[in-house]
Amino acid sequence: MKICDIRNLLNSRFPSSLSEEWDNDGDMLYLHPESEVTGVLVTLDVTDNAVEEAIKCGANLIVSHHPLIFKPLKKLNDTALALRIEKLIKANVSVLSYHTRFDSAQGGMNDILAEKIGLINPQPFGFEGEIPMGRIGNYPKCSPAEFAAQVSLALNTNVVFYEGKREINRVAVLGGGGKDFIHLAHTLGADAMVTGDITYSVANEELPYGITMVDGGHYATEVIAVDAFADLIEEEFEVKTIRFYGENPAKIVTLM
């Protein structure tokens, strides 16, 4: 099994046609496609810890959700990203990242998130061009507080929630930073939306419409990608992936 074989599998399931125009995903470091795979580390983010774990385990391929390189690089100097890239090249580790194409794909991030949350008959919503980013569906009736608690359990994380004015019976989800789609979810009849990175200003803008907003955090709403990528690779190839979940960089501090 070669690195290009895994790339071909992932590209067939998550084609570049599903990537947003502003995104940069796919091949990040793809210098030796014909190399035999010595190990695959799957991660949400290509952090220094993820790179060190791949090298320690002898893996020469990293598959991530968030792109290693997102903004154009004008120079390589002593920044954390440049030094990370240097380490990867020296260790001959390739990196493939599947970002918005995985978010929007059938069976991808937001279908998985909808299933975890418990949406009934989820449908695509939040189109950017012809590409649907989020999912919206029905949900067993409950109060906003009960819904927030259920999301916390489903994602195994602390959540912040902004309590709306009505019972929850229809829910929208969008992993990562989906705050720009909250108003659209409201207009489509959602009583609640689950996403990450909800800002104070957006919450204040949307609360008058009565929608409950549950911020599960960027990490918790997207770390589910690790198992999804790993399962797909292991089903297709005789390889045991290294599932590197990393840590949520956001820490919760409680009053003593």
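Modeller: Two strands pair if DSSP finds at least two bridges between them. Strands (E, at least two residues) and helices (H or I, at least four) are DSSP runs, numbered from the N terminus. It's a predicted model, with local features needing pLDDT of at least 70 and side-chain atom pairs pLDDT 80 or more, while totals for chains, interfaces and linings use all residues. Residues are numbered from 1 along each chain as its sequence is written, and side-chain values use heavy atoms, leaving out hydrogens and water.

Colleague: OK, sheet first. What's the strand order in the open sheet of 6 strands?

Modeller: The order reads β5-β6-β8-β9-β10-β7, and the pairing is mixed. β5 (120-128) and β7 (160-162) sit at the edges with a single partner strand each, so one side of each has no neighbour in the sheet.

Colleague: And β7 with β10, parallel or antiparallel?

Modeller: Antiparallel: β7 pairs with β10 (residues 212-215) over 3 bridges. In that pairing, Val160 is opposite Asp215 of β10.

Colleague: What about β9 and β10, how many bridges there?

Modeller: There are 4 bridges, and β9 (residues 192-196) runs parallel to β10. Met193 is the residue facing Met213 in β10.

Colleague: Switching to charges. How many salt bridges does the search find in the whole structure?

Modeller: The search turns up 13, counting a side-chain nitrogen of Lys or Arg within 4 Å of a carboxyl oxygen of Asp or Glu.

Colleague: Give me one. Which residue does Lys2 meet?

Modeller: Lys2 pairs with Glu34, at 2.9 Å from N to O. Lys2 belongs to the segment before α1 (3-13) and Glu34 to the loop between β1 (26-29) and β2 (40-43), so the pair ties together parts 32 residues apart in sequence. On the accessibility side, Lys2 is partly exposed, at 28% relative accessible area.

Colleague: One more pair. Which residue forms a salt bridge with Glu52?

Modeller: That would be Lys87, with the closest N and O atoms 3.6 Å apart. Here the pair connects two helices, Glu52 being in α2 (residues 48-57) and Lys87 in α3 (residues 80-90), 35 residues apart. Glu52 is partly exposed at 40% relative accessibility, and Lys87 is partly exposed at 34%.

Colleague: Which residues do shared partners join into one network?

Modeller: Asp227, Asp231, Glu234 and Arg243 are joined that way, through salt bridges that share partners.

Colleague: How far is Phe237 from Ile6, going by C-alpha atoms?

Modeller: Those two C-alpha atoms are 8.4 Å apart, though 231 residues separate Phe237 and Ile6 along the chain.

Colleague: Last one, Ala149. Which helix is it in?

Modeller: Ala149 is in α6, which covers residues 144-155. Ala149 has a relative accessible area of 41%, so it goes down as partly exposed.

Colleague: And what separates the C-alpha atoms of Ala149 and Val46?

Modeller: The separation is 31 Å, with the two residues 103 apart along the chain.

Notes
Buried means under 20% relative accessible area, exposed over 50%, partly exposed in between (1.4 Å probe, protein chains only).
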